[in-house]
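The text after it works through one part of the fold.

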Amino acid sequence: MRIAMIGTGYVGLVSGACFSEFGHSVTCVDLNAAVIERLKAGEIPIFEPGLDDLVARNVKAGRLTFTTDLAAGVKDADAVFIAVGTPSRRGDGHADLSYVYAAARQIAEAAPETCVIVNKSTVPVGTATEVERIAREAAPEKAISVASNPEFLREGSAIEDFMRPDRVVCGVADDHAREVLKAIYRPLSLREVPILFADRPTAEVIKYAANAFLAVKISFINEIADLCEKVGADVQGVAKGIGLDKRIGPKFLHPGPGYGGSCFPKDTLALLKTAEDNDVALQIVAATVKVNDERKRAMADRIIAACGGSVDGKTIGILGLTFKPNTDDMREAPSLVIIPALQAAGAKVKAFDPEGMRAAAALLPGVEMCGDAYAALDGADAAVLLTEWNEFRALDLGRVRDGLKAPVFVDLRNVYPVEEPLRRGLSYASIGR
């Protein structure tokens, strides 16, 4: 199949590279000439484990190409995927669909006589209908189908998620779109991956509902962690005990400083706005958003309390800045709330992150970015483990203690068994235990 991917951000680049790995011919289109030039030169503009090798292999094989020319990219395509950004719109929280609609018009004008436009971007219910209207208006003489194919990629493991997904969701309104998507995803059907075909509104709601449900699980276990601290229970034991129930499952039951990233914060808010527009009260999702916002602010208070009630004039060493490990993504990261709160309380902040410091430097003014974990902690009054990168899981805690002015270690990801830092002479604070 001939595929065009509009947008070379996280979703577009990963999806385009993986489709080409299936053997399809893929052209990735982006209007940002600098990004396309970097990709042509073999440079990957985002950090995702294994993506550089995947792209290089398929470029060499001639199955993956890059261009800024949308018309050339889509002129022979069987399917054109829209994978542009849908950020929260300022002022009202709705998903900003202007990039999606602009792409739809340009695609329709340049597409062949028969083509399927596929929404890969995360979009509210009803977007496929509007994209179809735009396509019909722009090219009434063409047989253009519109489908919805939401992505479920976790940053840090996106290639594995694409190649071995739990399911593939396809929202279609006609047989042609169904057959094209079946052909595109046929390599996965050979692995017996469930490919769910539904109508387009159902597919659109599935994406938001899935992310909202996972966000609920995260906020739920964070609140249970607070209860555990008050009653002397261990939240990790609680999470294991409830996670063994097959109706619940163990995933997303790890307490921490709150969820972030490009999906959960934006998608829960967009789902609430869609519900509000349709006079539906999603009270559980609304509470989840509120709990998560409060959680991030509370983590700064927890650090201050561990430092004796004040950080004025003190130095705090932060390990990890990105919202999760194995990504350079800073979007909605807890660090963007916690660190400014510490600075407002009078603290100086030093930090290290294996991949996120370049992006973080522009977002966190006044933070001293360091060359490694020990440099970030050297001379600090407290160490704070904020993102659970693998290299932070086996720190030399004796060296950590010796480098700190005061032996305070705040572990906001429960990476270490409680007894280990205590045995090394550190005052240890964790989450829910």
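What follows describes a group of packed helices.

This is a predicted model, in which local features need pLDDT of at least 70, side-chain atom pairs count only at pLDDT 80 or more, and totals for chains, interfaces and linings use all residues. Residues are numbered from 1 along each chain as its sequence is written, and side-chain values use heavy atoms, with hydrogens and water left out.

Two packed helices are described by the angle between their axes and the distance between the axes. Helices here are DSSP runs of H or I with at least four residues, numbered from the N terminus. Axes are lines fitted to C-alpha atoms over the stretch in contact, and angles run from 0 to 180 degrees between N-to-C directions.

The axes of helix 10 and helix 12 (residues 264-277) come within 9 Å and cross at roughly 115°. The two helices, helix 10 and helix 12, are therefore roughly perpendicular (65 to 115 degrees). Contacts (heavy atoms within 4.5 Å) join residues of helix 10, including Tyr-208 and Leu-214, to residues of helix 12, among them Phe-264 and Leu-271.

Helix 10 also packs with helix 11, at an angle of about 135° and with the axes 9 Å apart.

In helix 11 (residues 235-243), Val-235, Ala-239 and Gly-243 are buried (under 20% relative accessible area, 1.4 Å probe, protein chains only). These residues pack against helix 10 (200-231).

Definitions and conventions. Buried means under 20% relative accessible area, exposed over 50%, partly exposed in between (1.4 Å probe, protein chains only). Angles under 35 degrees count as roughly parallel, over 145 as roughly antiparallel, 65 to 115 as roughly perpendicular and the rest as oblique.
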